[in-house]
Amino acid sequence: MRSYPADYELITPGNLDVVLCLLRDEPNQWTPIAGGTEIMVLYGAGKLLARKLVSIWPLPELREIVEDGDFISIGGGCSFTQIGRHPGIQKHFPLLAQCASWIGGIANQNRGTIGGNLANASPAADSAPALFAYDAEIEVISARGSRRIPYSQFHLGYKKTALAPDELIHAVRLPRRFDGALRYVRKVGTRNAQAISKICMAATGNLRHGRVEEIRIGMGSMAPAPLRLTATEQVLLGAALSDATIAEARKALSNETTPIDDIRSTASYRSLVAGNLLEEMLRSFAASGALK
Ligand SMILES: Cc1cc2nc3c(=O)[nH]c(=O)nc-3n(C[C@H](O)[C@H](O)[C@H](O)COP(=O)(O)OP(=O)(O)OC[C@H]3O[C@@H](n4cnc5c(N)ncnc54)[C@H](O)[C@@H]3O)c2cc1C
C-alpha cells in the first residue's frame, strides 16, 4: 500500500479577498487548487511538491460566465462542462465549446477548469488553440489590483506563464467579433475521449476577394508551450490560397514549431500531421470563402 506524507495542508476560505491576501502575505507558500485534476494526479503519484493548498473552487467570482456587450467573460474557475454547455459560448465561440467537449472524459470536464488548464500551461492544453484563434485576453487579479494580458503573451516558455505568484486567473475574455468568421478545429489523439492531444489546432479567418484578410492559428503540442503560429499567419495574410501559398505556409509552420518525441507521439509524426491539418484548414477556408 502506498503511504502519503501527512504534512499537507488544504484550506478553503471561501472568500476571494482572503485568498488574495494570503497569496500576497505569504508569497510562494500557498498553491491555489481549483478542480484539482492536475494537482491530485501529482499527489496520487507522490510528486506534489506544494504542501500548502488553498481552494479557489467555491469562489463565486471565478465561476461566472458574463456576456457584457462586446465580450464574453469566462470565470477562471468555470469547469469545461459549464463552458461547453453555455448557449452564448456554443453560439459565438463554437471552437471553444468543441474543445471543452474533448478535454478528458465527463468527470474531468465536471472538475477541470479553464484557469487550471491555462495556469498549468501544458503544451497540450486543449483550450489553448481556441483561445489564440479567438484573440482572447486573460484578466488576472491579485491584492494589488487587476490587469489584462493578451493571451498571445501569456505563455513564456515550458510551464512558464506571465502570472505572478500572487495572481489568480480571474477570467478569460473573448471579443464577440467572430460570428461570421471561417473556423476550424481538430484534435488528434489516440481516441476521442480520455486522450491527451498528440496535436490540436484551431483557427479563425476571413477571406476578401479570394485573399486572406485575417487569420489566427493556435496549436498545441508543437512547442514547449501552446503556440500561436504568427510567422505562418504572416505568410498567409494578403495571399490567395493557391497550392504555392499552402506549400509556403506548411514550410513556415515547420520552421516555427519544435515538436518533440514523447510517450504520446514522435516529432516527425507531429510535424507531418500538423502540416496536414494546416492544409486541411486552408483548403476548407478556400472552399467556404468561395461560397461566400
Ligand atoms: C484523466 C485526465 C485526463 C485529462 N485530459 C485532458 C485533455 O484531454 N486535455 C487537456 O487539456 N487537459 C486534460 N487533463 C488535464 C486537466 O484536467 C486540465 O488541465 C484542467 O483544466 C485543469 O484544471 P483544474 O481546475 O483541475 O486545475 P488544478 O489541478 O486545480 O490546478 C492546476 C494548476 O493551475 C493552478 N490554477 C488553477 N486555477 C487557477 C487560477 N484560477 N489562477 C491561477 N492558477 C490556477 C493551480 O495552482 C495548479 O498549479 C486531464 C487530466 C486528467 C487527470
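Me: How much area do domain 2 and domain 3 bury between them?
Reply: The model is a predicted one. In the domain assignment, domain 2 covers residues 60-175 and domain 3 covers residues 182-291. Of the area buried between these two domains, 67% lies on carbon and sulfur atoms. The buried area is about 1,900 Å².

Me: Which three residues supply more than any other three of the area that domain 2 buries against domain 3?
Reply: The contact takes 26 residues from domain 2 and 26 residues from domain 3. On the side of domain 2, three residues together supply 29% of the area buried against domain 3. These residues are W102, P123 and F132.

Me: Which element gives the largest share of the side of domain 2 that touches domain 3?
Reply: The elements that give two or more residues to this side of domain 2 are α5 (94-101), α8 (128-133) and β8 (155-157). The largest share is 5 residues. The element that supplies this share is α8.

Me: How many nonpolar residues does the side of domain 2 that touches domain 3 have?
Reply: Sorted by class, this side of domain 2 has 3 charged and 8 polar residues. The count of its nonpolar residues is 15.

Me: How many salt bridges does the rule find across the interface of domain 2 and domain 3?
Reply: Side chains of opposite charge can pair when their charged atoms come close. The rule requires a side-chain nitrogen of Lys or Arg within 4 Å of a carboxyl oxygen of Asp or Glu. In the structure as a whole there are 22 salt bridges. Across the interface of domain 2 and domain 3 the number is 2.

Me: What is the N to O distance in the salt bridge of D126 and K187?
Reply: The side chains of D126 and K187 meet in this salt bridge. A salt bridge requires such atoms within 4 Å. The distance from N to O is 2.8 Å.

Me: How many residues apart in sequence are the parts that R177 and D135 tie together?
Reply: R177 forms a salt bridge with D135, with the closest N and O atoms 2.8 Å apart. R177 lies in the loop between β10 (168-175) and β11 (182-188), and D135 lies in the loop between α8 and β6 (137-142), so the pair ties together parts whose separation in sequence is 42 residues.

Me: Which residue has a side-chain N or O atom 2.6 Å from an oxygen atom of the ligand?
Reply: The ligand is surrounded by 34 residues, and the closest are P32, T37, E38, T113 and D126. A polar backbone atom of G35 is 2.8 Å from a ligand oxygen, and a backbone N or O atom of G104 lies 2.9 Å from a ligand oxygen. The residue with the side-chain atom at 2.6 Å is T113.

Methods:
Residues are numbered from 1 along each chain as its sequence is written. This is a predicted model: local features need pLDDT of at least 70, side-chain atom pairs count only at pLDDT 80 or more; totals for chains, interfaces and linings use all residues. Side-chain values use heavy atoms; hydrogens and water are left out. Domain bounds come from an automatic or database domain assignment. Contact means heavy atoms within 4.5 Å. Buried area is the accessible area (1.4 Å probe) that two parts lose on being put together, summed over both. Helices (H or I, at least four residues) and strands (E, at least two) are DSSP runs, numbered from the N terminus. Ala, Val, Leu, Ile, Met, Phe, Trp, Tyr, Cys and Pro count as nonpolar, Asp, Glu, Lys and Arg as charged, and the others, Gly among them, as polar. A residue is near a molecule or strand if one of its heavy atoms lies within 4 Å of it. A polar contact is a pair of N or O atoms within 3.5 Å; within protein, one must be able to donate a hydrogen and the other to accept it, and residues adjacent in sequence count only if both atoms are side-chain atoms.
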